[in-house]
Amino acid sequence: MTDQTVRFGLLVSMFQAMLRERSAPKKRRFFRKFLDRVYTGREYFSAVRLILPSLDRERGTYGLKEVALAQCLVDALGLAKDSPDAVRLLNWRKAGSRAGQNAGNFAMIAAEVLQSRQGMSSGGLTIKELNDALDRLATTENRSEKASVLAGLINKTNALEMKWILMIILKDLKLGISEKSIFHEFHPDAEDLFNVTCDLKLVCEKLKDRGQRHKRQDIEVGKAVRAQLAMRVSDASAAWKKLHGKQVVAECKFDGDRIQIHKNGGEIHFFSRNFIDHPEYAHGMSKLIKENILVDRCILDGEMLVWDTTANRFADFGSNQEIAKAAREGFESDRQNIDVAFDVLYAGDTSVIHQTLAERHEILRKIIRPIKGQFELLLPNMGLNENRQPGEPCWSIIASSQEDVEKFFKETIENRDEGIVVKDLGSKWEPGDRSGKWLKLKPDYIHAGSDLDVLIIGGYFGSGRHGGEVAQFLVGLAERSDPDTYPKRFLSFCRVGTGLSDEELNTLVNKLKPYFMKNEYPKRTPRFYEVTNNSKERPDVWIESPDKSVLVSITSDIRTIKSEVFAAPYSLRFPRIHRVRYDKPWHECLDVQEFVEIVRSSNGT
Ligand code: ATP
């Protein structure tokens with residue numbers, strides 16, 4: 001049978017069987033059975049792309065996250081905007097007044113809404129018809145056309161099939177089986193081939209015969225390669241032990257976006273870690289890259305960041321893509337994108353991933369002309385390191401002892417953000433590998449000297465397991481009040497959602513629930529709280545007044561960040577709730593000045 005004749009319902013039966021089964025080998029067996037007994041036409045790509053939708057790059061993106069998808073479904077079903085079902089779909093996190101266990105799971109909520117309209121019997125949609133419809137959904141930008149594609153699908157499916165289609169569109173099937181297992185079941189060489197091509201179609205076409213091994217393929221310019229990744233280690237001594245006896249380079253771990261630059265003559269691609277091409281970088285960078293990579297064909301591995309041209313250093317803020325789009329639209333700005341190349345995978349007419357890192361460094365040195373603030377090189381004695389400001393620490397070093405790594409790590413986190421990456425200079429570049437040729441060291445969570453006891457001022461609804469309930473909090477710092485009076489205002493400080501067990505979270509939410517005030521249109525901030533205009537921090541509910549709330553102790557990564565999103569001058573990276581302070585009155589909340597002093601004394605700016 002081919003995709004023209006195989007009904008999507010058969011794939012759904014496989015999904016359902018996998019979902020019911022806990023053991024991974026049995027889940028794999030269902031997949032094998034489907035391939036061998038159902039998909040006998042062996043046009044595997046048309047089915048595999050529906051099983052691994054997040055790896056399918058043949059189709060563009062749908063531009064549909066849950067909320068947009070809900071709007072299209074409302075239109076497709078012809079629901080009135082204020083009808084209970086439309087409200088349920090649009091408020092999928094809370095699931096409207098009939099909140100049930102499915103709140104926070106969009107596909108399940110949608111299946112409930114569809115159930116009463118579609119019933120149980122399938123309209124016989126084939127896999128081919130589904131792929132054609134999904135192609136149309138991806139190509140049209142127009143919402144009513146998207147809705148009409150969905151309406152067509154609804155006509156040819158039942159609610160269960162539609163649920164899986166929605167999960168395919170959202171690119172997360174939650175099947176409880178890893179992509180690695182799917183690949184291995186498909187063909188022993190499938191993962192390897194995917195890693196060097198990031199091309200699912202090619203994998204499905206070349207590896208139809210499971211019994212026939214495929215000669216290991218090398219990388220090609222123009223096809224994204226799966227990124228080599230770093231294994232986390234706890235400290236410098238663990239890193240040193242792991243790389244014992246090796247020649248080692250330690251590099252700053254930059255906090256930007258991993259980008260692979262592919263140059264093929266005049267053609268330049270910027271592939272992100274999930275192998276999407278980002279043409280928005282072309283305007284600001286293509287010409288510069290063409291001129292300053294001195295070979296015709298090349299693949300560079302590196303990190304894209306933002307450079308502050310006024311301060312002449314990496315910028316603390318600014319999203320890469322926003323800066324790129326602003327540049328394309330011709331807006332004047334003191335920020336620009338900068339690519340820091342730390343590795344090379346292809347140079348001239350050959351792949352160099354099989355050469356050692358030390359050899360690849362030599363190649364980088366020869367083929368790149370670095371441009372300060374735009375196109376830099378991360379090499380121990382060149383590029384960024386050469387262009388350092390006086391007194392600024394190195395960006396990378398050759399380490400010959402554990403002490404070297406320790407010292408470099410300490411200097412880096414004192415002066416910069418993320419941590420360091422330690423690499424074996426004798427290692428090859430291995431696509432998709434995280435086995436320990438690169439090690440990352442990051443600062444641990446610490447209790448910031450004394451505990452930071454801050455006040456909960458708002459809440460955000462969760463999704464998934466926590467759907468329909470508040471699962472994260474907006475916490476605030478007190479504005480210092482006159483002695484002997486209680487604080488009157490609180491500045492939003494950070495959003496925190498982790499650290500509590502489910503039970504602790506339930507108890508806390510139940511205690512606060514009577515004082516939740518919905519933050520609905522028109523949005524109005526209670527007079528006790530100060531927030532910025534940034535919509536990211538707006539909670540779904542406010543706490544009616546500070547005296548009704550409780551303090552929580554939070555801990556964080558040692559680093560603080562200057563805050564543009566929240567009202568307080570600094571926020572925290574990766575905050576977690578350490579415990580709930582039911583024992584401490586609300587008015588003993590940490591105040592802004594105290595916090596600024598803690599930050600200064602730990603030199604954490
Ligand atoms: P994290 O959340 O810690 O950034 P991650 O899941 O993004 O981890 P890791 O494999 O743990 O990825 O770390 C590698 C990432 O670190 C790379 O994808 C890259 O974006 C970033 N990075 C920054 N500086 C470097 C560097 N000098 N060498 C390699 N990777 C670097």
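Ala, Val, Leu, Ile, Met, Phe, Trp, Tyr, Cys and Pro count as nonpolar, Asp, Glu, Lys and Arg as charged, and the others, Gly among them, as polar. With that in hand, the shell around the ligand comes out as seven nonpolar, six charged and no polar residues. This is a predicted model, where local features need pLDDT of at least 70, side-chain atom pairs count only at pLDDT 80 or more, and totals for chains, interfaces and linings use all residues. Numbering starts from 1 along each chain as its sequence is written.

**Confidence**
- The protein's average pLDDT (the predictor's per-residue confidence, from 0 to 100) is 88, and 93% of the residues reach at least 70.
- As for the model scores, ipTM is 0.96 and pTM is 0.75.

**Ligand**
- Around the ligand sit 13 residues, with Leu229, Ala230, Glu251, Phe254 and Arg258 the closest; a residue is in if its C-beta atom, placed from the backbone, lies within 6 Å.
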